[in-house]
Amino acid sequence: MIFNTSIHSSATSKGILASICASCLFAIIPMYLQLQWHIPLPDLSSPGNWLAGQRIIWSTVFMLLILWKMGRISLFWGQLKKWRLWPRYFISALLIAPQFWIFFWAPVNGETLSVALGYFALPLVLVAVGRFIYGEQLTRVQTLACLIATGAVAYAYFIADGLSWVVFVIACGYPLYFIWRRRYPMHSDVVFCLDNLFLLPIAIPALLYIYPWAQWSDIQTLNWFYYMGLALVGTLPMLLFLYASKHLPISFFGLLSYLEPVLVFIVALLIGEQVNIIEIPIYMAIIASLVLIGIDTFARREISKYKNTKTSTH
């Protein structure tokens, strides 16, 4: 399958837009997480696990409401009634669960750098998956962008103080999830709702273990609004992310994913975080890769339009 012949398709264009919007919304999450330092959270031994569990609960609630409001709840119930498919749904949930968890666990356990390194490696793993599993081919410009990104990732690992298991969970976990989802395709919103629903039997007992039910009445109202907001800012980009992964060649989807760490880098600067000078070449190389991808995509889109116009005039 050669991707450079399909850039003008409607599904591909929507997939590109969804990927860009997802990256923009994902970049907002670190800013939202900063609010937790201004909210009197309960005295918890595992705040990262607590926040991850709360997100799963409220994401399930929000997705059910969204499906009901959009008149798509019947699609969800139709899939849920197929109880013989429950093992498949549970495997899907287990594949995505580590990604939900790490995003909240890592920052409060000193593993933020490992998360960043994992997300830098992820697009390259997706490109490899597209090439060797789905037979996708990159254009020359996309290959150049991929090589530049590979150099940036190699440099990032070189200056890092060893590699954490978190890097491998992120870089390998998402591709496994996307491969599974492509094997059993469903609507993105229904998939995401099922993933969260089948994680509830894990999330709820974990929350009760972290903070006993008898003490939940002591949690302030502001906290509950914070948890609901956490689910909301996590749900919208994930839906777009899943939509893009379904409608784009996985190699190109992987390369577009580099937009997220660049935006997170910009957000970090906006919220006052200090960036080490030694890290700047990483982001400059990734930005250069994204510029090349953008130019290549625009050029092929214009060529496709020209060919279609020329064909219609004959």
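What you are looking at is a predicted model, in which local features need pLDDT of at least 70 and side-chain atom pairs count only at pLDDT 80 or more, while totals for chains, interfaces and linings use all residues. Residues are numbered from 1 along each chain as its sequence is written, and side-chain values use heavy atoms, with hydrogens and water left out.

Let us begin with the overall plan. The protein has 13 helices and zero strands. Here helices (H or I, at least four residues) and strands (E, at least two) are DSSP runs, numbered from the N terminus. Reading along the sequence gives the pattern α-α-α-α-α-α-α-α-α-α-α-α-α. Contact means heavy atoms within 4.5 Å. Among contacts between residues at least 6 apart in sequence, 89% join residues at least 24 apart.

Now to the way helices pack. Two packed helices are described by the angle between their axes and the distance between the axes. The axes are lines fitted to C-alpha atoms, for helices over the stretch in contact, and the angles run from 0 to 180 degrees between N-to-C directions.

Find helix α4 (residues 86–105) and helix α7 (residues 165–183). Their axes come within 10 Å and cross at roughly 150 degrees. α4 and α7 are therefore roughly antiparallel to each other; that label is for angles over 145 degrees, with under 35 counted as roughly parallel, 65 to 115 as roughly perpendicular and the rest as oblique. The crossing of α4 and α7 is left-handed, a word used if the near helix is turned anticlockwise from the far one by less than a right angle, and right-handed if clockwise. Among the residues that meet here are Ile91, Leu95, Gln99 and Trp105 in α4, and Val169, Ile170, Tyr174 and Trp180 in α7. By class, this contact has 15 nonpolar, three polar and two charged residues. Ala, Val, Leu, Ile, Met, Phe, Trp, Tyr, Cys and Pro count as nonpolar, Asp, Glu, Lys and Arg as charged, and the others, Gly among them, as polar.

Two residues let you see this contact close up. Gln99 of α4 counts as buried at 3% relative accessibility. Leaving out residues up to four places away in sequence, Gln99 touches Val169, Ile170, Gly173 and Tyr174. On the other helix, Trp180 of α7 counts as buried at 16% relative accessibility. Trp180 and Ile91 are 89 residues apart in sequence, and 8.8 Å apart in space from C-alpha to C-alpha. With neighbours within four places in sequence set aside, Trp180 is in contact with Arg88, Ile91, Ser92 and Leu95.

Next, look at helix α2 (residues 47–69), whose axis comes within 9 Å of that of helix α9 (residues 200–210), the two crossing at roughly 135 degrees. That makes α2 oblique to α9. Their crossing is left-handed, and the contact includes Trp50, Ile56 and Thr60 of α2 with Ala203, Ile204 and Leu207 of α9. These contact residues divide into eight nonpolar, four polar and no charged.

α2 also packs with helix α8 (residues 188–197), at an angle of about 145 degrees and with the axes 9 Å apart. This crossing, too, is left-handed. Ile56, Met63 and Leu67 of α2 are among the contact residues, as are Phe192, Cys193 and Leu197 of α8. Here the division is seven nonpolar, three polar and one charged.

Leu197 also touches Leu80, a residue of helix α3 (residues 73–80). Leu80 counts as buried at 14% relative accessibility. Apart from neighbours within four places in sequence, Leu80 is in contact with Trp86, Leu194, Leu197 and Phe198.

Which residues of the largest nonpolar core touch the most other members? They are Trp50, Phe178 and Met238, out of 88 residues. Such a core is a set of buried Ala, Val, Leu, Ile, Met, Phe, Trp, Tyr and Cys residues joined through side-chain atoms within 4.5 Å. Not counting residues up to four places away in sequence, Phe178 touches Leu126, Phe241, Leu242, Ser245, Ile250 and Phe253.

Our last stop is Ser251, in helix α11 (residues 250–256). Ser251 counts as buried at 3% relative accessibility. Beyond its neighbours within four places in sequence, its contacts are Leu126, Val127, Gly130, Arg131, Glu136 and Leu138.

Key: Buried < 20%, exposed > 50% of the residue type's maximum accessible area, 1.4 Å probe, protein only.
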